[in-house]
Amino acid sequence: MSVSASNIPTESTESVESSADTTNISRANVIDADCDLYHGKWIHDPTGPLYTNNSCPVLTQMQNCQGNGRPDKDYENWRWKPSQCDLPRFDPKKFLELMRGKTLAFIGDSVARNQMESMLCILWQVEAPKNRGNKKMQRYYFRSTSTMIVRIWSSWLVHQTPDAFDFAPAGVTKLHLDLPDEGFMEYITSFDVIVLSSGHWFAKQSVYILNNEIVGGQLWWPDKSREQKINNIDAFGVSVETILTSLATHPNYTGLTIVRSFSPDHYEGGAWNTGGSCTGKVNPATEGELVENGFTNIMHEKQVGGFNRAAKKKTNNSKLKLMDITEVFSYRHDGHPGPYRSPDPNKITKRGPNGRPPPQDCLHWCMPGPVDTWNELVFEIIRREELHDTH
């Protein structure tokens, strides 16, 4: 089951008004510490983005939609409004103060990079950081508050090896679903906040190993007489439980782990490699425009299941939070680069005479764009945790 079309309504994001709004509690300057951040609606906000593509020097060109010639710009002018409270606009100075002396690490795939670059772009508007990166990780140091922003690449978040294993030959990637990726586990005790991103690589070729036994594979299963015990979707759920359990039971890790839920793609009419498209989407989807995406739904479900199982096993003083953006962002089919993936003036941006759409990216997010809201949510989650700690 590897559908990849478009979307995932679970309930209307506009239907969660409640009598709390009519009580006489003053909400003038109170951000409700327990308010559900993930039900609400996208509202038009002419204030504009937190930065521009010209004011951020670390923006990956593929996500530089304006620099790549995207003609519309209104996708930058929407804010997420939770039903029962407000999500504050990101204040970079306040964030750096909140993270004084601390390290925030984004760990995962290219969508983690997308989010980390968004965070850097926002903070860059008040201070240019020092690049202290190395081959193992990107590191940006903000001297005013001794704050470090880190990114470590990990495609699947679990241990991987190309070596031959049992009947799987060398070359094809083997994933040990029950072992965390040691490539970042050795650093976690120096991180105060970790934001994890994974899932999309489970559509790629790999062999799944559990308890030192090959139990399945994605785009690889040479012997049809052998039974596959798990598919790529189940493997994702196991991987989430593995990495979160490793963090939640590590004797020396005391940080806050934020699991950013599965990021929905918006390839309509096919998958990324079979003519799927998000061309021409210039506003957030309305209820009637949402397209059910079975693959996104079940990946989200498996991720939440893995999260919940790991949370029950927690033995240390770390904290574990689910940043549940999947449904919220199912509405933002307008927020992807689409065909505006490069500055090439000769790129094809319109459908061909046979109706086939040009090559495009409907997975990553334009910068600036909706992805900046993820970091407003990260800021709010960290702020709430600090409040809990001081009361």
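**Burial and cores**

Guide: Of the protein's 391 residues, 55% count as buried (under 20% relative accessible area; exposed is over 50%, partly exposed in between; 1.4 Å probe, protein chains only). This is a predicted model, where local features need pLDDT of at least 70, side-chain atom pairs count only at pLDDT 80 or more, and totals for chains, interfaces and linings use all residues. Residues are numbered from 1 along each chain as its sequence is written, and side-chain values use heavy atoms, leaving out hydrogens and water.

Visitor: How many residues has the largest nonpolar core?

Guide: That core has 49 residues. Those with the most contacts inside it are Phe95, Leu104, Met119, Ile149, Ile258, Met323 and Ile382. A nonpolar core is a set of buried Ala, Val, Leu, Ile, Met, Phe, Trp, Tyr and Cys residues joined through side-chain atoms within 4.5 Å. Apart from it lies another core, of 38 residues, among them Met185 and Phe191.

Visitor: And what is Ile382 in contact with, beyond four places in sequence?

Guide: Phe95, Leu98, Met99, Val193, Leu256 and Ile258. Contact means heavy atoms within 4.5 Å.

Visitor: New topic. Is Asp372 buried or exposed?

Guide: Asp372 is buried, at 5% relative accessible area. Not counting residues up to four places away in sequence, Asp372 touches Leu50, Tyr51, Ser118 and Ile122.

Visitor: What separates the C-alpha atoms of Asp372 and Tyr340?

Guide: 19 Å, with the two residues 32 apart along the chain.

Visitor: What does the C-alpha trace span along its principal axes?

Guide: About 65 × 60 × 45 Å.
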